[in-house]
Amino acid sequence: MRDKIRQLHKDIQTGSFHALARAITMVENDLSGYDLLLEMTIPSKTKVVGITGPPGAGKSTLVNALLNIWSKGGKKIAVLAVDPSSPFNFGALLGDRIRMTAFYDNPNVYIRSLASRGALGGLSAKILEITDIVKQAPFDYLIIETVGVGQSEVEIAGLADCTIVTLVPEGGDVVQTLKAGIMEIADIFVVNKADRELSETLYRNLRMLVHEKTTTDIEIPVVKVVATDNLGVEELAEKIDQFFVQVHNTDRKLQMLTEKAWQLIQKRQMKKYHRQALMEELKVQLLSPQFNLYAFIDDYVSLIH
Ligand SMILES: Nc1nc2c(ncn2[C@@H]2O[C@H](COP(=O)(O)OP(=O)(O)O)[C@@H](O)[C@H]2O)c(=O)[nH]1
Ligand SMILES: [Mg+2]
């Protein structure tokens, strides 16, 4: 087993998409050997770029535009598109798939859609692991598209080295969004759909807020983009590269790594529990007139150990 996994790791490192796809499937489905593979992973130079924002903000369109620029520049790019709302791989992602087919034959571009299946320990533990696997392959960039709803800020931020928050003029109250913690996770803001009315207002308000809130000497860039027309995307690509040159924030890195470790520990801890078994046990215990949930949990946890 170990030799086979070592070979798989080597094949991923030498750029085999086939090996990479197999490894991701292993992690997705908890197939045997995947923990071995994770233990073989080594530090990587791949720049992980997270693109987050509300549904319909144009994240996939933006990914597409970045793929255009980077692949033309000879870069190798992987894309992980995460859709936590859909239990299946089609549906919401169909549009993305059609749009990104242009890259399916490109040997420098690897695209994979991931659907959440309510895995133990949550969606993010799996993505964290898959990200670590993809980073073993010789990609210059790994783009992770996630819907920025229903996940904690740190969860999103911990996923990527550089997080791009995509906002749109019709996306509601920006100040509210920023209060909800988005400000803390954004390394770059994109005002997409800049062809629309009110985008200038959003842009200006955002610039002002960023300016007010910036505590370091580097102000978070705000980039106006029309993703459908590739407008502003060159500038965005530049800002991303600048970010990787400028920012060596070890404090933040450590914070993110701690968050990542925390989530992985959580996942490992929860592995021994099964919701169905828990329900069965509760069903029986509930019959007792003295039933107490806290006492039950104490007993249950010590029993499962
Ligand atoms: N007018 C305009 N429409 C855009 C722009 N970018 C994306 N869209 C459209 O917005 C819709 C949602 O885009 P999509 O990339 O799927 O959003 P996602 O849900 O954030 O991935 C699609 O119909 C896009 O064509 C833009 O810059 N301007
Ligand atoms: Mg999308």
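1. In strand β4 (residues 141–147), isoleucine 143 is the bridge partner of valine 49, and seven bridges in total join β1 to β4, the two strands running parallel. Strands here are DSSP runs of E of at least two residues, and helices are runs of H or I of at least four, both numbered from the N terminus; two strands pair if DSSP finds at least two bridges between them. The model is a predicted one, in which local features need pLDDT of at least 70 and side-chain atom pairs count only at pLDDT 80 or more, while totals for chains, interfaces and linings use all residues. Residues are numbered from 1 along each chain as its sequence is written, with chains lettered from A and ligands numbered from 1 in the order in which they are written.

2. β1 is also joined to strand β5 (residues 162–167), again in parallel, through four bridges, and within this pairing glycine 50 stands opposite threonine 163.

3. Seven of the seven residues of β1 (residues 47–53) are buried (20 or more other C-beta atoms within 10 Å of the residue's own, against 12 or fewer for exposed and partly exposed in between, with C-beta atoms placed from the backbone), so the strand is largely enclosed by the rest of the structure. Lys47, Val49, Ile51 and Gly53 point one way, whereas Val48, Gly50 and Thr52 point the other. In a regular strand the side chains alternate between the two faces of the sheet.

4. Isoleucine 143 is in contact (C-beta atoms, placed from the backbone, within 7 Å) with Val49, Ile51, Val63, Leu66, Ile77 and Val79, not counting residues up to four places away in sequence. Together with Ile188 and Phe189, Ile143 has the most contacts inside the largest nonpolar core, which has 70 residues; such a core is a set of buried Ala, Val, Leu, Ile, Met, Phe, Trp, Tyr and Cys residues joined through C-beta atoms within 7 Å.

5. The buried residues of helix α2 are Leu20, Ala23, Ile24, Met26 and Val27. Seen down the axis of α2, these residues fall within an arc of 155° (taken from the directions from the helix axis to the C-beta atoms), so they line one face of the helix. Aspartate 30, which follows α2, has a positive phi, near 55°.

6. Lysine 260, found in helix α11 (residues 250–270), counts as buried because it has 20 C-beta neighbours inside 10 Å. Leaving aside neighbours within four places in sequence, lysine 260 is in contact with Leu128 and Gly158.

Notes
Contact = placed C-beta atoms within 7 Å.
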